Each structure stands twice: as structure tokens, then as C-alpha cells.
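My notes follow the display.

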Amino acid sequence: MKRYPAYKDSGAVWLGETPEHWRSKRLGSCFKERRETVSDRDFPPLSVTMNGIVPQLDTAAKTDDGDNRRLVRAGDFVINSRSDRKGSSGLSSKDGSVSLINTVITPSEGIIPIFAHWLLRSRSFQEEFYRWGRGIVADLWTTRYSDMKPIWLSIPPLPEQRAIADFLDRETAKIDALVEEQRRLIALLAEKRQAVISHAVTRGLNPAAPLKPSGIDWLGDIPEGWGALSLRHCATSIQTGGTPSDVAPAEDLVGGFLWFTPGDFGDSLEITASSRAISPEAMAAGGVRVFPAGSVLIVSIGATLGKVAVTSEPCSANQQINAVVPNAKVRSRFLGYSLAEKSAVMRYLSNASTIGIMNQEKTKEIVIAVPTLLEQDEIANFLDATCAEYASLSEVATSAITLLQERRAALISAAVTGKINVCEAVALVAASRHSLGVSAMVAGVVIARYGRQSGHGRVWLQKMLFMTQTHANIDEIEGRFLREPAGPLDRDLRDRVEADLTAANAIRVTRVQGEREAYHYEFLGDAAQLRADLSAALGVRMDGFERLTDRLGDLNTKGIEAVATLYAVWNDFLIDGQTPGDSYITREVLENWHPEKSEKFSADELDTWLAWMRRQDIVPSGTGQKTYTGRLFV
């Protein structure tokens with residue numbers, strides 16, 4: 001991206017050279033401190049977080065001094081003054097109150113609030129802000145308003161402030177969308193890893209193996225020839241760790257004896273390093289519980305209850321960890337994998353609705369499926385290789401997130417300090433962007449995400465638009481849906497979104513010749529930008545839209561047709577003031593929707609889809625427009 005034509009020395013190290021026409025001003029002349037104190041009974045409490053200003057979090061530390069809080073007005077910038085909360089700041093979108101540890105400042109008339117948000121949340125400013133703080137300990141300084149007032153800022157003219165804010169709104173939304181995709185991938189990999197482990201340790205590696213009931217509800221059927229044994233019959237001992245009373249475990253202790261805590265547990269089954277260790281003197285003094293190599297360690301209390309690891313060398317642990325020493329019936333790694341998929345069972349046994357604790361006796365009650373030792377080794381080897389593949393993919397995604405976040409931080413700092421000239425880029429976007437309505441943006445987003453899947457063409461898209469309008473309450477789609485053979489259809493809406501997206505060079509519509517005439521969508525546009533534009537248009541409704549598309553996006557054409565048709569019929573009944581049972585809904589679909597419906601679906605199929613909809617919480621509320629028939633024979 002281009003730089004400005006001319007620069008000058010700003011006089012501030014953190015700013016460096018700034019554009020020649022930008023004004024250098026002290027922060028105190030650009031912002032006024034708001035010092036009014038109020039009660040959180042009159043002004044709702046807010047939390048100052050790394051993600052900005054939000055309603056008070058449940059996890060926030062609360063005091064009894066609710067009548068002595070700092071007033072915040074919409075448009076104020078709030079920053080936590082403590083260096084251990086570095087980055088916790090943002091522009092408030094609502095009135096409220098914050099604890100007195102925070103500094104509240106109001107931009108002057110020459111500062112656009114959203115520009116102030118990007119400027120003061122930039123990494124370069126945050127470092128400068130805390131550099132002006134005071135305190136005894138370097139990592140626990142406090143920067144008050146009086147300390148920050150002398151900080152030099154470089155302020156562009158108002159039109160450039162707006163251009164920079166618009167640029168950063170757009171570009172960071174793209175980056176955030178990419179980060180979210182990577183996080184979803186990591187979550188999906190974790191789910192798949194857990195599913196593979198669960199299947200392997202309860203069903204084995206032979207899909208054709210005959211099964212028998214295990215007699216345990218949470219275990220289900222297991223292969224014939226396997227046993228179902230509780231840990232009391234699979235272990236030589238089950239012990240609980242402890243903390244030495246004479247010499248406490250220490251960090252960075254060279255040559256110390258491994259001493260694990262829940263914080264040392266990661267995603268890998270094997271655990272090899274502890275953050276703290278026991279000194280040779282403490283070991284010599286006795287009183288340390290030593291677990292042999294091959295012990296299976298289980299976190300038995302707290303937020304990570306049920307985390308499991310296998311140790312490859314002798315070790316000890318604190319009192320939050322139980323150690324299972326396997327006997328000759330089970331291998332350590334197989335036992336570790338078997339227990340790794342029992343976290344839900346452990347929470348149940350531990351009464352985790354309160355403060356769950358898995359003591360030794362409760363741990364002994366856990367039942368696992370036990371094959372031969374040879375099969376145990378084969379399963380453990382298979383899971384080692386499979387989990388390594390998932391871990392590698394997850395590491396790639398994690399690295400991508402780190403790079404994207406670094407890119408985001410660098411882009412913000414470069415824009416707000418004038419190292420790049422974004423005005424031309426903003427003007428080009430404004431000039432070239434085709435004005436898309438919400439219906440076209442919704443269609444474009446779902447095509448971008450799911451359109452590559454086989455069969456996701458016109459019929460599928462129409463059902464997605466209908467469900468988005470009706471269930472996600474996106475009324476701007478403005479569809480008027482007809483009861484057609486393939487479900488709810490608005491031909492005018494279909495033609496309009498296709499025309500708008502084609503004109504914006506966002507999609508290509510291709511006619512596919514086969515047994516039936518069909519159309520295929522190819523997405524050509526900027527998916528991240530389109531999602532950002534839709535998010536800006538929908539606001540808080542974007543979350544509901546994404547939840548719905550997450551559930552429906554992978555359905556094939558017949559599945560989405562069944563769901564959309566059942567939803568439409570059910571919703572029509574509710575609009576008419578009726579509360580139909582399942583049999584009434586399916587009968588309406590099969591007998592009164594369209595004659596072709598009874599040729600496509602059976603009552604049992606539709607009942608299955610109704611049950612699926614309830615499990616997914618896709619249940620109508622009787623809002624929106626009714627579907628209509630437009631046919632003489634109905």
C-alpha cells in the first residue's frame with residue numbers, strides 16, 4: 001500500500017515520522033477525562049476487556065462498592081490503567097459504569113470517536129501508554145490520566161480519520177473472519193479426534209466385528225471377546241497426589257523431580273514436562289508420593305476435571321490429580337485413551353453440578369471396554385498416528401491465527417500512525433462496490449461457504465433464503481414464498497439475488513444439463529468482505545444467522561427441502577393460532593402442500609426430520625408471512 005507524499009519527524013519515538021499535514025498534539029488536548037462517579041444501580045456495570053467494552057462478565061471480580069463507579073457515556077473511550085491488563089480498552093457503545101481502576105476519556109470535537117478507538121487500541125499506543133505508568137513492579141504499573149496527558153499523538157484531518165476508520169473496520173473484519181474460520185477448524189478437529197478415540201476404544205478397529213451388550217449405559221455395545229471392567233480391576237493402585245510440606249515445588253528447578261498440576265496438561269496424551277519440580281532435598285526428606293512411569297494421571301477437580309495424560313517417567317503431582325497405575329490387564333496408552341473419552345462420565349460421577357470431585361473411590365467406579373493386549377497395542381498405535389495428524393493440522397491452524405493476528409495489529413498501527421495511505425484504497429472500494437441488498441448478501445455468503453458442495457444449487461439456495469427470513473428473522477429478504485413441489489419458492493427473489501450478485505461479479509450461474517435441468521453457483525467475490533458487509537447490516541442478528549446456516553448448510557437438497565417445508569407448514573399453523581401435533585404437520589405436507597410431496601417423502605421420513613429440527617432448536621414461533629398456494633386445485 002502506498003505511503004503519503006511527504007513526512008515529518010513527529011518528535012515522539014512511538015510515532016516516528018508522520019504525514020506532513022497531520023497535526024501533532026498532546027493527548028490531554030484531544031481528550032477530556034470523565035470523573036463523575038455513579039451507582040451501578042443507575043448505570044449498568046460494564047467490563048473493560050481485550051475485545052472492547054461489554055456488559056459486565058459473569059467472571060468479573062465484583063465488589064460491594066457498587067455506588068462508587070466511574071460513569072461511562074456512549075462514545076467514551078475506556079482503558080484499564082493497570083499494565084497487567086494491557087490491551088483492555090475500547091470505545092463504549094452504551095452508557096454504563098466501570099470500576100475506578102479504569103480511565104474514561106471523551107474525544108474532543110476534532111476527533112472522530114471510532115478513529116480514537118482504533119488509535120488508542122493500537123499496539124504501538126498501548127506500549128507507549130503503559131510506558132508512562134508508575135509503580136513498584138515493572139509488570140504491574142498504573143497509568144492514570146495525569147500520566148497519559150503528555151503523550152504525543154498525530155491527528156489527521158477529519159475526512160482522513162473517517163477513511164482510516166472505514167478501512168480498518170473493513171480490513172479487520174476480513175481478518176477476523178479468517179481467524180474465526182481457523183478456530184472453527186480447530187474445534188472441528190478436536191471433535192473428530194474425540195470421536196475417533198471414542199469409537200476405537202469402545203468398538204475397536206474392525207468395523208465388521210460382532211457386538212454384544214456391555215451392560216453399562218454409557219459404554220453401550222462392545223465387540224464380542226472384549227470385557228467391561230471397572231478401574232478397580234484394571235489397576236494395581238489409584239493414588240492422589242499431594243504437595244510436600246517441607247519444601248514447596250519450585251519453578252525453573254534444574255534437576256528437580258517432575259511434579260504435575262492441572263495446568264501442565266495439554267491436548268497430547270503424553271505428558272513430559274512440569275512447570276514446577278520437587279528439589280532433591282524434598283525428595284530425600286520423604287513424604288513425596290511417587291508414581292511409576294506409565295501411570296495414567298487424571299485431573300480430578302476444577303474446570304479441567306477429566307483431563308488425562310500418561311507419564312513416561314516416574315513423577316509426582318498435586319492433590320488435584322489422581323494417578324492410576326495399570327495392572328497386567330491393560331496397557332498404559334490404551335487406558336489413557338479410554339479414560340480420555342470418559343470426561344462426561346467423570347463429571348457425572350463427580351456431581352459436577354456443584355464442585356465436582358473425583359476421589360479415589362469414584363475413580364475406581366469408571367468402567368472401560370478391555371480387548372486383548374494385542375488389540376490394545378494396535379488401537380493405541382492407530383490413535384497415536386491419527387491424533388498426531390489432527391495435532392499437526394491444528395498446529396497449522398493455530399500458526400495461521402497467530403500470523404493473522406500479527407498482521408491485524410501491524411495494519412492498525414500502520415494506518416493510525418500514517419505509515420500507509422489508506423484513502424485511495426477506501427475511495428476505490430467506495431467507487432467499485434456494487435450496492436447489494438440484504439437478500440443478495442445473505443445468498444452470497446451461503447454460496448461462498450457451501451456452494452461448492454454437490455447439489456447445492458437453486459433449490460437449496462431458495463430453502464436457505466426462506467429459513468433465513470423466517471427463522472433467523474431477516475425480514476429484509478422480503479420473500480413471498482409459494483408452495484411449490486420442492487418447497488417454499490419465490491421466483492422473483494431468486495431472479496433478483498442472482499442478477500444482483502452476477503452484476504457485482506460475486507457469482508457465476510451455470511446451467512447444468514442432466515436428467516433434470518439444474519443450475520450451479522460458482523462464487524467469485526470477496527467472501528470475507530461480503531460477510532463483513534452482511535454483519536454490519538444485520539448487527540446482533542448475525543449470530544442467529546450463522547447458527548442457522550451452521551445447522552443447515554451441510555444438508556443435501558432433499559434434506560433442506562424437508563426441513564423448509566415442515567417449518568413452513570408448522571409456522572403457518574402457528575400464525576393461524578393453531579398448535580399442531582406432528583401428525584397434523586406431516587399430513588399437511590403430504591396431502592395439502594403439493595401433489596408431488598407424497599411421491600418424495602413418507603410420513604416416517606418427515607417424522608424423523610421433525611425430531612431432528614427439535615434437536616437442533618429449529619422450531620418456528622408463528623411469525624412472518626404465511627406461504628401461499630397460487631394453485632386452483634387446492
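Below are my entries, by topic.

**Ground rules.** I am working on a predicted model, where local features need pLDDT of at least 70, side-chain atom pairs count only at pLDDT 80 or more, and totals for chains, interfaces and linings use all residues. Residues are numbered from 1 along each chain as its sequence is written, and side-chain values use heavy atoms, with hydrogens and water left out.

**Cysteines.** I looked for disulfides (a pair of cysteine sulfur atoms within 2.5 Å). I found zero. For cysteine 30, the nearest cysteine sulfur belongs to cysteine 423, 19 Å away. Cysteine 30 is buried at 1% relative accessible area. I use buried for under 20% relative accessible area, exposed for over 50%, and partly exposed for in between (1.4 Å probe, protein chains only). Cysteine 387 is also buried, at 9%.

**Largest pocket.** A pocket here is an open set of points on a 1 Å grid over the protein atoms alone, where a 1.4 Å probe fits, with protein on both sides within 12 Å along at least five of seven lines; lining residues have an atom within 4 Å of a point. The largest pocket holds about 1900 Å³, a volume being the space filled by probe spheres set on the points, which are joined across faces, edges and corners. I count 50 lining residues, and Trp118, Arg121, Thr172, Asp176 and Arg408 are the closest to the centre. Helix α5 gives the most to this lining, nine residues. Helices (H or I, at least four residues) and strands (E, at least two) are DSSP runs, numbered from the N terminus.

**Second largest pocket.** This one holds about 900 Å³. Its lining has 37 residues, with Arg193, Gly266, Asp267, Ser268 and Lys307 nearest the centre. Here α10 gives the most, eight residues.

**Salt bridges.** I counted 38, each a side-chain nitrogen of Lys or Arg within 4 Å of a carboxyl oxygen of Asp or Glu. Which parts does the pair of aspartate 176 and arginine 408 tie together? Their side chains meet at 2.9 Å, N to O. Aspartate 176 lies in α5 and arginine 408 in α10, so the pair ties together parts 232 residues apart in sequence. Aspartate 176 is partly exposed at 34%, and arginine 408 is partly exposed at 24%.

Within α5, glutamate 171 and lysine 174 sit three residues apart, about one turn. They form a salt bridge at 3.4 Å. Glutamate 171 is buried at 16%, as is lysine 174 at 18%.
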